[in-house]
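Reader: I'm new to reading protein structures. Could you walk me through one, feature by feature?
Author: Gladly, let's look at it together.

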Amino acid sequence: MKSIWFYDTQIGKIGIAEDGEGITQVSLNSPPDSEAELRETSLIRTAYEELEEYFQGKRKSFDIRLHLEGTEFQKKVWQALTEIPYGETRSYQDIARAVGNPKGCRAVGMANNRNPVMILVPCHRVIGKNGKMVGYGGGISVKEALLRLERENKSCDV
């Protein structure tokens with residue numbers, strides 16, 4: 001059974017869902033999943049606590065177990081996103097090269113768009129080739145805030 005719970009955070013109301021195997025969704029200002037039971041589980045609570053540590057600049061990576069559903073290509077892209085160091089960015093082209101599809105910038109963009117667990121899989125670290133902030137489900141202002149948070153805390157020994 002899938003469960004979901006909502007928390008107010010510094011970037012807005014975040015919904016965190018899990019399916020018994022791992023976290024399946026972290027989304028901002030989205031309506032409840034109609035297939036999920038509205039209840040806070042220990043796994044969801046742990047994910048929220050890790051996110052709060054991240055927002056406070058105390059956490060640079062996540063230990064929470066994920067259970068992501070997507071195509072093999074999407075999973076490859078999401079894995080590549082987790083390899084972008086905290087406080088750094090990569091272009092869509094960089095990620096396309098990393099997953100072995102150097103001309104697949106648009107496909108990488110679509111995989112980013114389908115990332116079900118914002119922040120935990122850091123799609124906010126992907127920017128345009130020209131360095132511009134482009135495309136983010138939570139909005140460009142949230143993307144900029146997350147990157148600013150990481151830059152400010154990058155040198156901390158967390």
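Reader: Is Tyr-48 buried or exposed?
Author: Let me start with the ground rules. This is a predicted model, in which local features need pLDDT of at least 70 and side-chain atom pairs count only at pLDDT 80 or more, while totals for chains, interfaces and linings use all residues. Residues are numbered from 1 along each chain as its sequence is written, and side-chain values use heavy atoms, with hydrogens and water left out. Now the general idea: buried means under 20% relative accessible area, exposed means over 50%, and partly exposed is in between, using a 1.4 Å probe and protein chains only. Tyr-48 has a relative accessible area of 15%, so Tyr-48 is buried. Tyr-7 is buried too, at 7%.

Reader: How many aromatic pairs does the structure hold?
Author: Rings of Phe, Tyr and Trp (its six-membered ring) pair if their centres lie within 6.5 Å; planes under 30 degrees apart are stacked, over 60 edge-to-face, and the rest tilted. The structure holds four such pairs. In one of them, the ring centres of Tyr-7 and Tyr-48 are 3.9 Å apart and the planes are at 5 degrees, so this pair is stacked. Tyr-7 belongs to strand β1 (residues 3-9) and Tyr-48 to helix α1, so the pair ties together parts that are 41 residues apart in sequence. As for those labels, helices (H or I, at least four residues) and strands (E, at least two) are DSSP runs, numbered from the N terminus.
Author: Another pair is Tyr-54 with Phe-62: centres 5.7 Å apart and planes at 45 degrees, so this one is tilted. Tyr-54 has 0% relative accessibility and therefore counts as buried. Ring pairs also link Tyr-54, Phe-55, Phe-62 and Tyr-86 into a cluster.

Reader: Which residues of the largest nonpolar core touch the most other members?
Author: A nonpolar core is a set of buried Ala, Val, Leu, Ile, Met, Phe, Trp, Tyr and Cys residues joined through side-chain atoms within 4.5 Å. Here the largest one has 40 residues, and Ile-11, Ile-16, Ile-23, Val-26, Leu-81 and Ile-119 touch the most other members. Elements giving two or more residues to this core include β2 (12-18), α1 (42-55), α2 (72-82) and α5 (140-153). The largest share, seven residues, comes from α1.

Reader: What is Ile-11 in contact with?
Author: Contact means heavy atoms within 4.5 Å. Leaving aside neighbours within four places in sequence, Ile-11 is in contact with Leu-28, Phe-55, Met-118, Ile-119, Val-142 and Leu-146.

Reader: Where is the place of Ile-119?
Author: Ile-119 sits in the loop between α4 and β6 (126-127). With a relative accessible area of 1%, Ile-119 is buried. Its phi is near 70 degrees, a positive value in a residue other than glycine.

Reader: What volume does the largest pocket have?
Author: Picture a 1 Å grid over the protein atoms alone: a pocket is an open set of points where a 1.4 Å probe fits, with protein on both sides within 12 Å along at least five of seven lines, and lining residues have an atom within 4 Å of a point. Grid points are joined across faces, edges and corners, and a volume is the space filled by probe spheres set on the points. For the largest pocket that is about 360 Å³. This pocket is lined by 18 residues, and Asn-112, Asn-113, Asn-115, Gly-137 and Gly-138 lie nearest its centre. The largest share of the lining, four residues, comes from β3.

Reader: How many polar residues does the lining of the largest pocket have?
Author: Ala, Val, Leu, Ile, Met, Phe, Trp, Tyr, Cys and Pro count as nonpolar, Asp, Glu, Lys and Arg as charged, and the others, Gly among them, as polar. The lining has ten polar, eight nonpolar and no charged residues. The second largest pocket, with about 150 Å³ of space, has a lining of seven nonpolar, two polar and two charged residues.

Reader: Where is Asn-112 found?
Author: Asn-112 is found in helix α4 and, at 7% relative accessibility, counts as buried. Not counting residues up to four places away in sequence, Asn-112 touches Val-77, Leu-81, Tyr-92, Cys-123 and Val-126.
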